[in-house]
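Subject: Handover of the two-chain model

Hi,

Here is the structure I said I would pass on. My notes follow below it.

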Amino acid sequence: MRILFFLFIIGSLCSCWTRHRPETYRKKVIGNKAIFETLQKAKEITYENTARSVQVPGNICAIGNKIYQLEFGKGIHVIDNSIPSQAHRIGFIKVNGSSQLSIKDDHLYVNSFNDLVVLDISNNNTVTELNRLSGTFPDGMFNYWMVQPDEPGYYECTWYADSLIVGWRKDSIWNDCYKD
Amino acid sequence: MNYSLLKLMVVLSFSCVLFSCSKESAGTESRATNTTGTNGSLSRFAISGDYLYVVSNWALYTYNIADPGNPVKTNEEVFAFNIETIYPYKNHLFIGTTTGLYIYSIANPGTPVLEGEASHARSCDPVVANDSVAFVTLKGSSRCGPATSGLYVHDVQDLFHPTLMKTIAFDNPEGLGLKGDVLYVCCNEDGLKVFNVQNPANPVEIRTVTGANFKDVIPYGNILICYVSTGIMLYDISDPSNPVAVKLISNT
């Protein structure tokens, strides 16, 4: 059953994610080039004590006087909501490959690529990684924006076993993969 | 003499342990007032008690987080349909999928069990619920499928057989939130619809708040936290039926 399930996933990946390029011949085009980082660097979690602008906003979670908002693929914005009329972003937790979060007590649960990560958020000036369940989400569907860029068009679709995609930038790439 | 000194030391060290214990438990109790964060309705993570429930597109994962530094996966269930959202309410998980609303019992929290389902046409659908009804927004679109967009109210008093009570059609629904008898429904560029749902079988639209592109909401005490395309918008909902803008935390 499990094997069938994963075959199904792989099948659907092949059928609808990696579109055949509109042109029939291989050439260089301007498209989204993947930004790779080594596994260790990509999974490193850090805390910035300053506000950062929001590029691709995601889910929100409120607890106590704080609001946490996910930035797809990048991490979590921290908002001080002690006085709602003066609420403002105060920091950013860098968690590459993230898309979902939840909080209980002083612990923030977030996905990072296919891992589940537990962060200690009790300290206002730092964030500590308490634990990481590596590869706990085997279907990999959390990370489609890491496998494909957000916007349609040509994108680089090469993969390396020792690196992960942490972002995209415009560059000259081969027209191998196209997103509708 | 030596013996009584030893005895005194033992008693003293025990009382130290006792004191430190009582201090710790007091600390946890003071935090117990607001222990679990409140997620928006578009969430795929949900915490209920000592368990974290995670839905990916095709699976429901259950983790025991009683020891927060050491989560343990207790269950993994694969679905044959596209899961969109998860909403915990009391002993139940309401799971919105592109093919219907699924209700799981978490009476045994480590192993959720399917109790009931209400199928609908293919669409996208976040859920909020209370004791008697589940409110679902369906968004028919090219990505999500051809269902009629709008608010769907399911009677869930019999969790094994949820039944559709009412449908109100409108465009672009997204996340939703419930505060007592008032339901907030995000409608993207069409604004935020405010319904009186005192009689859930017949939600009455009170007003539509405009001026932003609304994605999701969290009623949070007297504040309504709205995830809008330009940032996070806070409204005062001391009068739940009349949200008053307080602050926009702009994305830029």
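Start with the sheet. Six strands form an open sheet in the order β2(A)-β6(A)-β5(A)-β4(A)-β3(A)-β1(B), and the pairing is antiparallel. The edges are β2 (46–48) of chain A and β1 of chain B; each has a single partner strand, so one side of each is left without a neighbour in the sheet. Strands here are DSSP runs of E with at least two residues, helices are H or I runs of at least four, and both are numbered from the N terminus. Two strands count as paired if DSSP finds at least two bridges between them. In general, strands of a sheet pair through backbone hydrogen bonds, either parallel or antiparallel.

Before you go further: this is a predicted model, where local features need pLDDT of at least 70 and side-chain atom pairs count only at pLDDT 80 or more, while totals for chains, interfaces and linings use all residues. Residues are numbered from 1 along each chain as its sequence is written, chains are lettered from A and ligands numbered from 1 in the order written, and side-chain values use heavy atoms, with hydrogens and water left out.

Strand β4 (residues 66–71) of chain A pairs with strand β5 (residues 75–80) of chain A over six bridges, in the antiparallel sense. There, K66(A) stands opposite D80(A). The other pairing crosses between chains. Strand β3 (residues 57–63) of chain A is joined by two bridges to strand β1 (residues 38–39) of chain B, running antiparallel. A62(A) faces T38(B) there, standing opposite it.

Now the chain interface. In contact (heavy atoms within 4.5 Å) are 46 residues of chain B and 47 residues of chain A. The two chains bury about 4,000 Å² between them, 62% of it on carbon and sulfur atoms. Buried area is the accessible area (1.4 Å probe) that two parts lose on being put together, summed over both. In chain B, F45(B), W58(B) and Y227(B) lose the most area to chain A, together 16% of what that side buries.

K104(A) makes a salt bridge with D50(B), with the closest N and O atoms 3.0 Å apart. On the side of chain B that touches chain A, strand β21 (residues 244–250) gives the most, with four residues.

Last, the domains. Chain A is divided into domain 1 (2–39 + 139–179) and domain 2 (40–133), with bounds from an automatic or database domain assignment. The contact takes 13 residues from domain 1 and 16 residues from domain 2. These domains bury about 1,100 Å² between them, 58% of it on carbon and sulfur atoms.

Best wishes

Definitions and conventions:
A salt bridge is a side-chain nitrogen of Lys or Arg within 4 Å of a carboxyl oxygen of Asp or Glu.
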